[in-house]
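Me: I have a model open and want to learn to read it feature by feature. Please walk me through it.

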Amino acid sequence: MGPLREDQITSYWENGYVFLENAITNEQLAALVDDVARWTDESRQHTEPYGDTLAGRPRFDMAPEHNADDPRLRRVASPVEVSDAYRDTMRDNRALDAVAQLIGPNIEFNNSKINAKQPGSSTEVKYHQDFMFQPHSNEDLIACLFFLDEVTLENGPLNVVPGTHRSALFDHWHDGVYTGAVSAEVEAAHVNEAVPIYGPAGSACLMHTRLLHGSAPNASDHPRTLFIAEYRAEDAKPLQVNHLPSIHEGEVVRGERTNRVRCSSYEMEFPEVPKEASFFSQQAKASTT
Ligand SMILES: O=C(O)CCC(=O)C(=O)O
C-alpha cells in the first residue's frame, strides 16, 4: 500500500503528473522552511552568485532585482549536501513512496534544487521538458516538486501540459544555442492547454520527466518556494554528466541495487552542461534567439 490510489496511478500515466497533499510531514516542512529563511538572510551579504558545488559552479543564485534590503534568492543547487533537513527529507517522504508505486520498486536519487520566487519577482521558467537536460537509458524519472509555501494562481504556480510526456521530445537547441526551453512555436501550440498546479504548503506535484511545463513570474505579495527532488528507476542509467551533481547522486532510496540497465528507444541531441549558477542563465538566452 502506498499513498496513491489506482485511479491516481492511471491518471499519472495518462496525464504525466499527479498532485499529492501532505507529501511531507509538518516537522519536515518546518525544518525545510527554516533553512530557506536562513539562506535568504545570508544572501543579503552577496551581490553575485556564491558558494561551491561539486560542479565548481555557485550553489546560491539570486534574481537580478536582488539587494541587501530585499533579498531575492532564487536557486539553491543540491541543498541535500548542505542541510540535514533536506538530505533526510530527500531520503524519506510520502512522495517518494508514490514514486516507488509508479516506477519502483527500486529507486535512486538523481538530483535536487530549490527554486524560489520572491513576491513581485520577475523570475519565470520557460516551457521545457526535464529529460532534455538529462538523457538516461530509459525515461522512468520523476521530479517531485514540494511546495514549501502555499502555491496559488497568483504566486507563479507550475503550469503543466497534460499528456505531453507521450508526445515528441522537443528540441531545446535553437540556432546552435542550448536555451533549455522549447521554441516559441512549440510553446504557442501548447500553452492554451496548460494547467496550473496549486495547493497548500507540504503538497507535491510528481511530474514525468518528458512532461512539458513552465511557470510565470510571482505577481503576488507571497513567496513561492519549491524544493525539487528528482528520482529515477534504479535501472535508468545516466547518459551524460548530471547537470546538478551531488555526493548523494545514485543513492538507492527505495528497494535495492540490481546492477541492471533498461533501455528505451528515442533520439535527442545531448544538452549543454550549464556553466553558470543555474538554468535561469541558459533560459535567459531563449529570449535572445
Ligand atoms: O520553479 C518552477 O516553477 C518550475 C521548476 C522547473 O520547471 C524546473 O526546475 O525544471
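Me: How many disulfides does the count come to?

Reply: A disulfide here is a pair of cysteine sulfur atoms within 2.5 Å. By this rule the count is zero. Take C144: it is in no disulfide, and the nearest cysteine sulfur, that of C205, is 8.9 Å away. Before going on, note that this is a predicted model: local features need pLDDT of at least 70, side-chain atom pairs count only at pLDDT 80 or more, and totals for chains, interfaces and linings use all residues. Residues are numbered from 1 along each chain as its sequence is written, and side-chain values use heavy atoms, with hydrogens and water left out.

Me: Now a helix. Which residues of α3 are buried?

Reply: First the general idea. An α-helix has 3.6 residues a turn, so residues three or four places apart point the same way. Helices (H or I, at least four residues) and strands (E, at least two) are DSSP runs, numbered from the N terminus. In α3, residues 84-91, the buried ones are A85, Y86, T89 and M90. They lie on the same side of α3 because they cover an arc of only 130° around the axis. That arc is taken from the directions from the helix axis to the C-beta atoms.

Me: What covers the buried residues of α3?

Reply: The cover includes helices α2 (26-42) and α4 (94-103), plus strands β4 (107-117), β13 (224-233) and β14 (252-254). D35 is in helix α2. Its relative accessible area is 13%, so D35 is buried. Leaving aside neighbours within four places in sequence, D35 is in contact (heavy atoms within 4.5 Å) with S83, A85 and Y86.

Me: What does the side chain of D35 make a polar contact with?

Reply: A polar contact is a pair of N or O atoms within 3.5 Å; within protein, one must be able to donate a hydrogen and the other to accept it, and residues adjacent in sequence count only if both atoms are side-chain atoms. The side chain of D35 makes one with the side chain of R38, at 2.9 Å. At the start of α3, a side-chain oxygen of S83 comes within 3.2 Å of the backbone nitrogen of A85.

Me: Which residues lie on each side of strand β11?

Reply: In a regular strand the side chains alternate between the two faces of the sheet. In β11, A204, L206 and H208 are on one side, with C205 and M207 on the other. Both faces are covered. Five of the five residues in β11 (204-208) are buried.

Me: How many bridges join β1 to β11?

Reply: Two strands pair if DSSP finds at least two bridges between them. β1 (17-20) runs antiparallel to β11, with four bridges. Y17 stands opposite M207. β6 (141-147) also pairs with β11 in the antiparallel sense, over five bridges. There, F146 has A204 as its bridge partner.

Me: Last one. Which residues surround the ligand?

Reply: A residue is near a molecule or strand if one of its heavy atoms lies within 4 Å of it. Those around the ligand include K113, N115, H128, D130 and R224. Then check polar side-chain atoms against ligand oxygen atoms. The distance is 3.0 Å for N115, 2.9 Å for H128 and 3.1 Å for D130.

Terms used. Buried < 20%, exposed > 50% of the residue type's maximum accessible area, 1.4 Å probe, protein only.
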